[in-house]
Amino acid sequence: MSTAEQQPHETPSDALLGPADIRELAAVLGVRPTKQKGQNFVIDANTVRRIVRTAEVRPDDVVVEVGPGLGSLTLALLEAADRVTAVEIDDVLAAALPATIEARMPGRKDRFALVHSDAMLVTELPGPAPTALVANLPYNVAVPVLLTMLDRFPSIERTLVMVQAEVADRLAAEPGNKVYGVPSVKANWYAHVKRAGSIGRKVFWPAPNVDSGLVSLVRRSEPIKTTASKAEVFAVVDAAFAQRRKTLRAALAGWAGSAAGAEAALVAAGVSPQARGESLTVEEFAAIAEHKPAAERPAL
């Protein structure tokens, strides 16, 4: 691939935000990052370019970004993608972002759209359907936001999110890993998940007291083959990990109506009743969901 193909959109080399730009912009807006909103702004241009590169953003991509903040990653995405839609909940940041885009990348402003909303409440996006999700997700809501976006926008083929390192490990964990759990299984319902790198603390303002990690999710070309619905499968997952130290026979007793019912469902699904949730694949959880015992009718 030629350089021209890799970087089709001509933008000034100084268009991205550096540490001084971030602090100046924040001062003008009276913005102080808050732990309550999980805000840590990326202040390093090389880091946002690395994120865009790792996300394999293409010139024809329609990218949705959640939590753009002051616009560091947004600008880097606009350099590489066809369109970028940013979802921002903060009133001040949402109001300021379009002006930042116009000031630093005036030639790309018509390729940018802003949705001023809580990402958990967004059910539709302006313009063409998104093909990629790239975001520095607020640490305190990273998993629910990620799963919600994947569920509501099935056109998203590729995702790269930056999250707390511990969360990245959980999302990318495989069965048998001690941190494998609910986020791991639910993310796997939608996509093939893997760790895609680590990010140091010094590239953020303010510097968080935890490391960050990149997680890549590539949408499954075919959904999990099961007659159970997503809600039915997720109910099994939630029950299995609510008491993760217990065997599945015991952990799923409430879900199945009894321990005996749980054992019957597990045996029918080809899963050992003595197994624990952390050893099961998403396909095995789906098989269990298919064999949920029918509710017993009360005696007349």
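Reader: What do buried and exposed mean here?

Author: Buried means under 20% relative accessible area, exposed over 50%, and partly exposed in between, with a 1.4 Å probe and protein chains only. Glycine 261 has a relative accessible area of 11%, so this residue is buried. The model is predicted: local features need pLDDT of at least 70, side-chain atom pairs count only at pLDDT 80 or more, and totals for chains, interfaces and linings use all residues. Residues are numbered from 1 along each chain as its sequence is written, and side-chain values use heavy atoms, leaving out hydrogens and water.

Reader: Which residues does glycine 261 touch, not counting those up to four places away in sequence?

Author: Contact means heavy atoms within 4.5 Å. Glycine 261 touches Ala256 and Pro293 on that count. Alanine 294 is 33 residues from glycine 261 in sequence, and their C-alpha atoms are 9.2 Å apart.

Reader: How are two packed helices described?

Author: By the angle between their axes and the distance between the axes. Axes are lines fitted to C-alpha atoms, for helices over the stretch in contact, and angles run from 0 to 180 degrees between N-to-C directions. Helices are DSSP runs (H or I, at least four residues), numbered from the N terminus. Helix α6 (residues 142-152) and helix α8 (residues 182-190) pack at about 20 degrees, with axes 10 Å apart. Angles under 35 degrees count as roughly parallel, and α6 and α8 are therefore roughly parallel to each other.

Reader: Which residues of α6 and α8 meet?

Author: Val143, Leu147, Leu150 and Asp151 in α6 meet Pro183, Lys186, Ala187 and Tyr190 in α8.

Technical notes: Helices (H or I, at least four residues) and strands (E, at least two) are DSSP runs, numbered from the N terminus. Angles under 35 degrees count as roughly parallel, over 145 as roughly antiparallel, 65 to 115 as roughly perpendicular and the rest as oblique.
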